[in-house]
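Hi there,

Here's the structure I promised to pass on.

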Amino acid sequence: MSIHDLVAEKQPESFVFSAENEALIKKIIAKYPKGKQASAVMPLLDLAQKQNDNWIPMKAIEKIAELLGMARIRVLEVASFYTMYNLKPVGKFFLQMCGTTPCMLRGSDDIARCIKDKLGIVSGESTEDGKFSVLEVECLGACVNAPIVQVNDDFYEDLDYDSMEVLIDSLSNNTPLPLGSVKGRSGSQAETGPTSLIKMKSKSAKLKSSIKSKKVSVVSAEKARS
Ligand code: FES
């Protein structure tokens with residue numbers, strides 16, 4: 001793959017961080033020990049992407065390299081390695097669809113099918129109206145609630161064909177569904193609700209009541225003796 005496949009053909013002539021981001025950048029760089037400023041490359045790429053409609057132009061790569069004293073190619077290496085960075089324009093809603101084993105076993109193929117049916121696009125493509133882009137990615141780190149689709153910075157979990165359809169409609173109407181599990185699971189709790197803690201709770205209630213009744217019988221015996 002050449003650099004031309006990786007980056008947008010049409011590039012802006014300049015890129016300048018906003019005053020607000022300049023101030024943030026100073027704070028971010030100050031977090032790292034002297035001589036280790038290059039470690040700030042990822043948050044700076046993220047800032048550039050957020051400032052520029054969800055993609056990073058080459059002029060921003062150059063700017064970040066200059067700010068961190070890095071070779072441009074080192075910044076580009078990082079930006080092109082992680083799928084969360086876009087080096088080409090993407091749709092308003094960038095769908096990162098996990099296709100790794102746990103999500104695949106829990107139905108990620110149905111999610112891809114739904115996206116194709118509803119939006120007419122497959123991984124690497126965008127809708128003509130520029131509203132949606134989709135990319136199949138590796139594990140998003142939320143396997144316990146698989147299958148997962150990340151929409152820009154937000155995770156939608158426990159999806160299936162039908163709920164993906166509802167999610168796409170909600171995004172199209174600019175009224176996105178609440179984040180997290182579409183089944184309403186709290187965190188990564190079992191689908192049947194909490195079990196082990198409930199058992200612990202009932203055990204501790206039994207223990208408390210047996211201690212209480214023992215205390216009562218000791219007090220009554222003492223009273224009887226006196
Ligand atoms: S495999 Fe999909 S989130 Fe981990």
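Below is what I found, going from the whole chain down to single residues.

Before anything else, keep in mind that this is a predicted model.

**The whole chain**

The protein chain contains 9 helices and 6 strands. Its C-alpha trace covers about 95 × 50 × 30 Å along the principal axes. The radius of gyration is 26 Å, whereas a compact globule of 226 residues would come out near 17 Å. As for burial, 25% of the 226 residues count as buried. If you take the contacts with a separation of 6 or more, 61% of them involve residues 24 or more positions apart.

Next, find helix α7 (residues 108-119) and helix α8 (residues 161-172). The crossing of α7 past α8 is right-handed. On the α7 side, the contact uses Asp110, Ile111, Arg113, Cys114, Ile115, Lys118 and Leu119, and α8 brings in Tyr161, Met164, Glu165 and Ile168. Sorted by class, that contact has 7 nonpolar and 4 charged residues, with no polar ones.

**A residue in a strand**

Leu135 sits in strand β3 (residues 132-137). Is Leu135 buried or partly exposed? It counts as partly exposed, because it has 19 C-beta neighbours inside 10 Å, and a residue needs 20 or more to be buried. Leaving out residues up to four places away in sequence, Leu135 touches Thr83, Gln96, Ser123 and Gly124. For a sense of distance, the C-alpha atoms of Leu135 and Arg225 are 80 Å from each other, and these residues are 90 apart along the chain.

**Some backbone details**

Most peptide bonds are trans, and most residues other than glycine have a negative phi. With that in mind, check these spots:

- Ala146 and Pro147 are joined by a cis peptide bond, with omega about 0°. Pro147 belongs to the loop between β3 and β4 (149-151).
- Asp158 isn't a glycine, yet its phi is positive, near 60°. You'll find Asp158 in the loop between β5 (154-157) and α8. It is buried, because 20 other C-beta atoms lie within 10 Å.
- Asn174 isn't a glycine either, and its phi is positive at about 55°. Its place is the loop between α8 and β6 (180-181). Asn174 is exposed, because there are 9 other C-beta atoms within 10 Å.

Cheers!

Note on methods: Residues are numbered from 1 along each chain as its sequence is written. This is a predicted model: local features need pLDDT of at least 70, side-chain atom pairs count only at pLDDT 80 or more; totals for chains, interfaces and linings use all residues. A crossing is left-handed if the near helix is turned anticlockwise from the far one by less than a right angle, and right-handed if clockwise. Helices (H or I, at least four residues) and strands (E, at least two) are DSSP runs, numbered from the N terminus. Two residues are in contact if their C-beta atoms, placed from the backbone, lie within 7 Å. Ala, Val, Leu, Ile, Met, Phe, Trp, Tyr, Cys and Pro count as nonpolar, Asp, Glu, Lys and Arg as charged, and the others, Gly among them, as polar. The radius of gyration is taken over C-alpha atoms; the globule rule is 2.2 Å times the number of residues to the power 0.38. A residue is buried if 20 or more other C-beta atoms lie within 10 Å of its own, exposed if 12 or fewer, and partly exposed in between; C-beta atoms are placed from the backbone.
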